[in-house]
Every structure is written in structure tokens, then in C-alpha cells.
Amino acid sequence: MNAAMRWIVWGTIPLGTVAGGAIATAYGLRAALWVGAIGSLFTFLPIALTSVRSIRELPSAVDEPTPAQAELAGGLVEGLPLPGPAAADA
């Protein structure tokens with residue numbers, strides 16, 4: 001998740017740089033700074049226009065069994081190696 005967010009956020013930096021440079025070249029540095037300042041005022045809109053505002057409490061956490069608990073219950077959790085030296089042997 002962290003890598004995806006970094007790719008989205010950092011991936012837009014070159015686009016903003018090119019857009020800012022184009023605006024500054026065409027209309028001047030002051031205009032480019034005003035466009036950036038006004039544009040940053042609306043960064044809350046994607047969240048404000050979704051259903052996130054109606055959430056009043058966090059959903060309860062799902063208690064997933066550890067691999068050892070799942071093993072005792074009769075089935076190993078898929079995709080999670082058991083901790084300890086046995087995992088290094090695999």
C-alpha cells in the first residue's frame with residue numbers, strides 16, 4: 001500500500017512541475033504561483049464529496065487467528081509461514 005501511494009503522489013510531481021513551468025512561461029511566475037495556491041485550496045474535495053463524511057465510528061477490527069491458532073483449529077492459514085526455525089527450512 002505504501003508503495004502504491006508513493007507512486008501516485010510522487011508520480012504527479014513531474015506533471016505539476018511541467019504544468020507550473022508551462023504556466024510560468026506563458027503567463028509569468030506570479031500567475032503560476034497563484035494557480036498553484038488556488039489549486040491547493042481544493043485538495044479536500046475528493047474526500048468531501050464521498051461518503052467518508054457520513055462515517056461516525058470506525059468499523060470493528062477483524063480478529064484473524066495466528067498461524068499457530070489456525071493449526072490447532074485444524075487448518076493452516078494460507079500464505080503465512082509459521083514463525084520460527086521451521087519457516088527457514090522451507
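**Exercise 1. Find the elements of the chain with the lowest and the highest mean pLDDT.**

Start with the scale: pLDDT is the predictor's confidence in each residue, from 0 to 100. Helix 5 (residues 85-89) has the lowest mean, 53, and helix 2 (residues 29-40) has the highest, 94. For the chain, the mean is 82, with 81% of residues at 70 or more.

This is a predicted model, where local features need pLDDT of at least 70, side-chain atom pairs need 80 or more, and totals for chains, interfaces and linings use all residues. Residues are numbered from 1 along each chain as its sequence is written, and side-chain values use heavy atoms, leaving out hydrogens and water.

**Exercise 2. State the secondary structure of the chain.**

Count DSSP runs from the N terminus: helices (H or I) need at least four residues, strands (E) at least two.

**Exercise 3. Describe how helix 1 and helix 2 are oriented to each other.**

First, take the axes, which are lines fitted to C-alpha atoms over the stretch in contact, with angles from 0 to 180 degrees between N-to-C directions. Those of helix 1 (residues 2-27) and helix 2 come within 7 Å and cross at roughly 140°.

Next, classify the angle: under 35 degrees is roughly parallel, over 145 roughly antiparallel, 65 to 115 roughly perpendicular, and the rest oblique. The two helices are therefore oblique to each other.

Finally, list the contacts (heavy atoms within 4.5 Å). Gly 20, Ile 23, Ala 24 and Tyr 27 of helix 1 meet Leu 29, Ala 31, Ala 32 and Val 35 of helix 2.
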